[in-house]
Amino acid sequence: MINQWLDRKSKDGFGLNPSIKNSTGDVLEDEKNNPKILSHVLEQNFINKENGEIEGMSLAISLNEFYDIKVADDKGLIYTDQVKVDTNDDNVNDVEKYGKEIAEIIIKDIRNNKKIPNVPIYITLYQESNKNDIIPGIFLAETFIPEEEDKIDKWTDIDIKNYTFPSDSLFSLDKDTYEKLLIFKEDIQEGFKHLNPKITGQLRYENGKLIDLKIDVNVPLINDTELIGLLQLVGTRINTILSDYIPVTIRIIDQKQDVGIVIWDPIEKQIYATQI
């Protein structure tokens, strides 16, 4: 069923991605003029351990902010490109609007399928970012459909946003956290100048408040002795950025391979540091 949803809409009514309208005969141009919006649907089922029955379901509807095209013509030649889905400036997110429209169809398809238990369903809309972006995307909205219902009454906006460090947008949002991260970065770089460490961060905010912090420390060709020293330094400097209630994860990376990790657990109030 999910595979059918991912197709372009056919004459028979299957598929939830836009059909090719006003074909030019140029396969690449047709794809650019009619970008696919639905990327994939992630299903999770919630099972009663006592009887093994499904008692709830969640669906994450993932939508393209950018459509990455890979298409072949009738001679077998492959063409690639990328287009932005929402290109107008009307202050309406066309990606989110489309997601809400197809969510109605998805719910009806599920309720009409007698093989799927008639259970409560939780739906989220997720907008994927450009594939080259550090931050993968953002959640847009959520809704809950009770058992026996086959329509969506209302959507609730999800105010969860991701930011990178360093970035102007993070500085504008949260100057205090930005400056703490800057001091942390400078301390690590000063302590290991010869390795020229590159330090980046990913921060998640909900309703304007920081809820999760992840930092990557890239140190190419670090040896075991240096790694132990770096873990010790990070473990002492993490106090400058941690909070009583925000989890912090710091990965030590050598040429795309994780070699060490430092974690602040706000529940146990403990710092854990280890080689990998």
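## The five-stranded sheet

Let's start with an open sheet of 5 strands, which line up in the order β1-β2-β5-β6-β7 with mixed pairing. Here helices (H or I, at least four residues) and strands (E, at least two) are DSSP runs, numbered from the N terminus, and two strands pair if DSSP finds at least two bridges between them. At the edges sit β1 (38-47) and β7 (156-157), each of which pairs on one side only. Keep in mind that this is a predicted model, where local features need pLDDT of at least 70 and side-chain atom pairs count only at pLDDT 80 or more, while totals for chains, interfaces and linings use all residues. Residues are numbered from 1 along each chain as its sequence is written, and side-chain values use heavy atoms, with hydrogens and water left out.

What holds a sheet together? Strands of a sheet pair through backbone hydrogen bonds, either parallel or antiparallel. For β5 (residues 121-128) and β6 (residues 137-145), the pairing is antiparallel, over 8 bridges. Look for Y122 and you'll find its bridge partner in β6, F144. Helix α3 (residues 94-112) lies across β1, β2 (54-64), β5, β6 and β7, and runs at about 145 degrees to β2. (Contact means heavy atoms within 4.5 Å; axes are lines fitted to C-alpha atoms, for helices over the stretch in contact, and angles run from 0 to 180 degrees between N-to-C directions.)

## The six-stranded sheet

Another open sheet has 6 strands, in the order β8-β9-β10-β11-β12-β13, again with mixed pairing. Its edges are β8 (160-165) and β13 (270-275); each has a single partner strand, so one side of each has no neighbour in the sheet. On average, neighbouring strands in this sheet are turned by 15 degrees against each other, direction ignored. Helix α5 (residues 175-191) packs on the sheet and touches β8, β9 (198-206), β10 (209-218) and β11, with its direction at about 160 degrees to that of β9.

Strands β11 (residues 248-254) and β12 (residues 257-265) are antiparallel, paired over 7 bridges. In β12, R251 has I261 as its bridge partner, and T249 has I263. This hairpin has 2 residues between its strands, and Q255 takes a positive phi near 50 degrees. Next, β12 and β13 pair in the antiparallel sense over 6 bridges, with D265 partnered by Q270 in β13. That hairpin has 4 residues between the strands, and K269 shows a positive phi near 55 degrees.

Strands β3 (residues 66-72) and β4 (residues 78-84) run antiparallel and are joined by 7 bridges. Here V71 stands opposite Y79 in β4. With 5 residues between the strands, this hairpin has G76 at a positive phi near 90 degrees.

Two loop spots deserve a look too. In the loop between β4 and α3, N91 has a positive phi of about 65 degrees although it is not a glycine.

## The largest pocket

How much space lies in the largest pocket? About 330 Å³. A pocket is found on a 1 Å grid over the protein atoms alone, as an open set of points where a 1.4 Å probe fits, with protein on both sides within 12 Å along at least five of seven lines; lining residues have an atom within 4 Å of a point. Grid points are joined across faces, edges and corners, and the volume is the space filled by probe spheres set on the points.

Of the 17 lining residues, the closest to the centre are G13, F14, G15, L16 and I105. Helices α1 (2-6) and α3 are the elements that give two or more residues to the lining, and α3 has the largest share, 5 residues. By class, the lining has 8 nonpolar, 5 polar and 4 charged residues. (Ala, Val, Leu, Ile, Met, Phe, Trp, Tyr, Cys and Pro count as nonpolar, Asp, Glu, Lys and Arg as charged, and the others, Gly among them, as polar.)

## Salt bridges

The whole structure has 12 salt bridges, each a side-chain nitrogen of Lys or Arg within 4 Å of a carboxyl oxygen of Asp or Glu. One of them links K100 with E96, whose closest N and O atoms are 3.2 Å apart. Both residues belong to helix α3, 4 residues apart, about one turn of the helix.
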